[in-house]
Amino acid sequence: MELSVQNQGVFVSRHIGPDEGQIRDMLKTVGAESLDALARKTVPASIRLKAPLELPAFENEHRFLQEARALALENRILKSHIGQGYYGTVTPGVILRNVLENPGWYTAYTPYQAEIAQGRLEALVNFQTVVMDLTGMEIANASLLDEGTAAAEAMTMLFALRENDSATAFFASKRCHPQTIDVLRTRAEPLGIELRIGDENEIAAQAPSDVFGMLLQYPDTFGNAADYATLVQKAHAAGIKVAVATDLLSLLLLASPGSFGADIAVGSAQRFGVPMGFGGPHAAFFATKDAFKRQMPGRIIGVSVDSHGHRAYRMSLQTREQHIRRDKATSNICTSQVLLAVMAGFYAVYHGPQGLKHIATRTHGLARALDKGLASLGSRQGNAAFFDTVQIPLPNAAVQAKVREEALAVGRNLRYNEDNSVCVTVDETSTLEDVAGIVGIFAAAMGKAKPSLADAGTWAAGLSLAWPAALVRKDAVLTHPVFNSHRSETEMLRYIKSLENKDLSLTASMIALGSCTMKLNATAEMIPVTWPEMGNLHPFAPADQTKGYQRMFTELERDLAAITGFPGVSLQPNAGSQGEYAGLMVIRAYHKSRGQGAREVCLIPQSAHGTNPATAVMAGFKVVVVACDAKGNIDLADLKKQAELHKNDLAALMATYPSTHGVFEEGIKEVCEVVHANGGQVYMDGANMNAQVGLCSPGSIGADVCHLNLHKTFCIPHGGGGPGMGPICVAAHLKPFLPGHAVVKTGGEKAIHAVSSAPWGSASILAISWAYIRMMGGRNLTRATEVAILNANYMMKRLESHYPVLYVGSNGTVAHEMILDCRKFKQSAGIEVEDIAKRLMDYGFHAPTVSFPVAGTLMVEPTESESQPEMDRFCDALIAIRKEIAAIEDGQADKQDNVLKNSPHTAAHALADEWKHPYGREQAVYPLAWVKANKFWPAVGRLNAAYGDKNLVCACPPIEAYT
């Protein structure tokens with residue numbers, strides 16, 4: 001036996017599902033000699049890359065993790081007292097290990113298929129209940145992307161609700177977080193909203209008739225907590241609705257925004273157990289009055305009933321969302337922050353109201369002790385009432401610089417303001433030692449003796465809440481049993497596990513969702529995310545403390561630029577929807593810079609994802625729909641007609657490539673040329689980038705900008721509906737306009753304002769995509785694309801004689817996904833596509849994408865990570881379901897009472913004493929032999945959608961509902 005001391009390059013074989021023998025067998029099935037031959041048959045020669053994708057790689061996972069560890073150690077973790085919306089927090093170990101680090105939670109998809117998503121739906125109802133209770137509002141959604149974009153969504157919602165069309169100004173307090181104001185500036189301009197920044201007391205006194213809404217910060221960015229009751233009354237009297245950006249932990253002690261009349265409450269739940277992560281991901285929250293529920297952005301989880309009359313959860317009021325209402329949607333939000341909302345909800349469940357109140361009172365007590373310590377130095381801070389942050393005025397910049405020098409010397413980051421004041425924030429992780437150390441910094445800067453820990457104990461003695469009565473919370477919160485039943489780790493662990501067991505994730509079976517790319521999220525990619533050096537950094541920490549992150553950003557930007565063929569990259573957009581928005585705003589800024597600001601028409605193909613038209617409207621464009629031809633391609637004749645008709649005001653075309661119909665359109669280069677010839681720019685939606693990497697690129701095709709869904713192509717897990725990342729890559733002429741940031745310098749020299757609260761969006765999960773690319777390298781990334789195309793074509797061959805494949809390319813192949821036509825079954829057997837989706841649950845599978853982009857169809861995408869045996873099981877299930885439909889068509893099965901109409905079948909249903917159906921129990925729950933060996937049981941029967949919308953309940957149901 002020959003011995004070798006060389007490292008084995010194994011990561012690619014871990015990531016790509018089929019082995020060499022399976023690949024050969026599938027190539028034979030599809031009639032191709034090799035992966036390259038199939039790719040050449042599928043991808044038009046005119047757009048194929050002329051040279052291979054060359055990227056460096058650590059093909060061995062162990063070696064890569066050593067490199068990643070070295071990079072992480074380049075970050076320096078100082079004790080953060082910066083605050084400003086980001087805080088130190090303790091993630092309970094039971095939540096860290098069993099949720100954040102658990103693929104059973106992080107590999108699930110958005111809960112559209114509610115019957116196999118009851119666990120996270122319940123967890124999200126817990127989150128909504130926490131938000132509603134603490135904010136004092138009547139309804140809350142299941143999370144948004146970050147506090148800044150939540151505030152921007154509040155602004156646009158109030159704009160839509162305004163009764164006076166001539167009121168086009170929105171007021172934001174100058175005491176709001178600067179990153180929030182920056183995002184507001186971005187969102188306001190294209191909608192024709194005049195953003196005014198100033199003193200809220202002055203605007204209330206003036207009561208201007210042209211202001212439709214205002215945003216207050218409570219407590220404000222400098223720490224002061226003001227009584228806003230009178231101000232809100234005055235605003236309402238003037239026809240101005242009020243949004244309040246607030247802090248959940250402070251609301252354990254402070255009067256809620258709802259109690260003083262706020263119309264909307266927004267903020268971040270980050271400090272409920274979610275690491276700072278150099279900016280994210282974190283779950284933002286959005287709560288409002290019940291009267292506004294149909295205008296509220298984001299997803300709402302509601303209580304409904306299933307087909308057996310049992311309580312069940314589902315996503316409610318979906319007709320508000322972009323995938324249905326398109327350009328009329330309340331928002332373009334597609335991905336939210338489900339995994340982080342689940343964590344925040346569990347944090348509240350674990351601590352309960354008493355535990356949370358203890359954390360809040362301890363945090364406030366430390367702030368009070370700090371205030372007394374600073375006072376002992378003769379330094380009076382400026383906040384009349386405060387929760388966790390004190391603001392210390394200093395005489396000049398020189399003294400501020402001395403404080404900074406002393407703070408850095410002892411390993412602490414403070415917040416240094418333009419008026420020479422310094423803000424200091426304490427949090428759950430702070431101690432009396434920290435209080436003594438902070439006061440010591442100011443003492444040293446003033447040339448005074450540093451205090452001792454005993455001094456800090458003296459300052460903390462005998463403290464009590466000293467706010468005005470109007471600021472003190474008087475009502476009880478989190479009284480529901482779920483927040484009062486899981487104090488021990490044993491109970492909490494079992495509760496988390498009980499919910500996890502109700503959900504189908506990639507740990508159970510493949511999730512073949514077209515346009516969603518549910519591929520492997522490798523453990524080696526996930527490991528660095530929860531390292532302290534990655535998780536405990538404040539996004540506004542000084543640059544010399546974040547060198548590891550900066551190197552990672554540089555390498556990732558370099559690699560994404562090579563993959564897309566574009567020289568400019570922004571990592572700021574923290575979702576695909578935000579990437580779309582950022583891309584269009586960059587195009588808008590480019591046109592304006594050339595004196596062509598009147599270009600406001602955006603062409604969008606009929607087949608586009610609903611996010612496209614919703615985003616275009618948000619970016620201030622007028623949507624003009626371009627027809628598709630019989631083969632599902634963009635109708636070139638109609639495109640030319642529309643482009644020429646709007647040549648004087650054409651801004652952009654939004655196109656997905658390969659198309660949402662699952663084919664590489666032959667005419668894509670001509671499409672780009674037509675748009676350019678008429679003065680427009682081409683935005684390429686990166687939803688289907690998994691079929692491009694290494695074979696072609698948006699830049700070589702002729703596009704000007706694209707966004708990338710890192711949570712699809714580049715392995716960030718979907719998290720049950722978020723987090724995601726949507727960076728944009730742009731051509732050279734658009735690079736100057738890449739997004740900037742109000743706090744940290746980013747973007748080009750003519751940067752648009754920020755699109756996300758943090759400079760690099762959800763920075764910590766960028767490590768996942770960086771890891772994936774570094775462990776694959778250019779050659780293996782290309783191979784992954786080729787295998788994704790092979791897997792899709794293999795499944796097409798297995799299924800095409802049972803389900804018509806709606807669209808194929810000119811050579812009879814599909815790209816990385818296909819559309820199965822199920823429309824004829826409604827007439828032949830009374831079977832809807834939804835029935836097939838629900839029946840798949842009985843076989844242990846999540847349905848493919850239902851009725852998108854064509855109603856009555858299934859869009860199937862296997863990705864490169866699924867092996868041939870797993871794809872065979874999925875195909876066997878669909879073929880068996882087709883036979884079940886045939887039995888109805890032939891009259892062998894009842895048209896109403898059959899296995900499809902009654903699916904999914906629960907264990908309780910199958911084991912009931914009485915069985916009234918004409919088919920057997922075994923056919924219902926064990927339709928194929930292999931299902932019995934690894935049965936996944938849906939937690940509930942089919943959901944009653946209409947009931948849930950008509951009887952909307954978005955909080956934990958009363959205890960009576962559990963009996």
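Start by selecting N75 and G548: a polar atom of the N75 side chain lies 2.9 Å from the backbone nitrogen of G548. The side chain of N75 also reaches the backbone oxygen of E533, at 3.2 Å. Both are polar contacts (N or O atoms within 3.5 Å; within protein, one must be able to donate a hydrogen and the other to accept it, and residues adjacent in sequence count only if both atoms are side-chain atoms).

You are looking at a predicted model, in which local features need pLDDT of at least 70 and side-chain atom pairs count only at pLDDT 80 or more, while totals for chains, interfaces and linings use all residues. Residues are numbered from 1 along each chain as its sequence is written, and side-chain values use heavy atoms, with hydrogens and water left out.

Stay on N75 for a moment. It sits in the loop between α4 (61–72) and β1 (79–80); helices (H or I, at least four residues) and strands (E, at least two) are DSSP runs numbered from the N terminus. Is N75 buried or exposed? N75 is buried, because its relative accessible area is 4%, and buried means under 20%, exposed over 50%, and partly exposed in between (1.4 Å probe, protein chains only). Not counting residues up to four places away in sequence, N75 touches E533, M534, L537, Q545, T546, K547, G548 and Y549, where contact means heavy atoms within 4.5 Å.

**Next stop: V349**

Select V349 in helix α13 (residues 338–376). With a relative accessible area of 0%, V349 is buried.

**Salt bridges**

Side chains of opposite charge can pair when their charged atoms come close. Here a salt bridge is a side-chain nitrogen of Lys or Arg within 4 Å of a carboxyl oxygen of Asp or Glu, and the whole structure has 46 of them.

Pick R798 and D872, whose side chains meet at 3.1 Å, N to O. This pair links distant parts of the chain, with R798 in helix α26 (residues 763–799) and D872 in helix α29 (residues 868–889), 74 residues apart. R798 counts as partly exposed at 23% relative accessibility, whereas D872 counts as buried at 19%.

Then try K901 and D835, with their closest N and O atoms 2.9 Å apart. K901 lies in the loop between α29 and α30 (907–910), and D835 in helix α28 (residues 833–842). D835 is buried at 3%.

**Last stop: the cavities**

How many cavities of 30 Å³ or more does the structure hold? There are 7. On a 1 Å grid over the protein atoms alone, a cavity is a set of points where a 1.4 Å probe fits but cannot get out, and lining residues have an atom within 4 Å of a point. Points are joined across faces, edges and corners, and a volume is the space filled by probe spheres set on them.

For the largest cavity, about 170 Å³, select G85, Y87, H177, P219 and D247, which lie nearest its centre among 21 lining residues. Strand β6 gives the largest share of that lining, 3 residues.

Methods: On a 1 Å grid over the protein atoms alone, a cavity is a set of points where a 1.4 Å probe fits but cannot get out, and a pocket is an open set with protein on both sides within 12 Å along at least five of seven lines; lining residues have an atom within 4 Å of a point.
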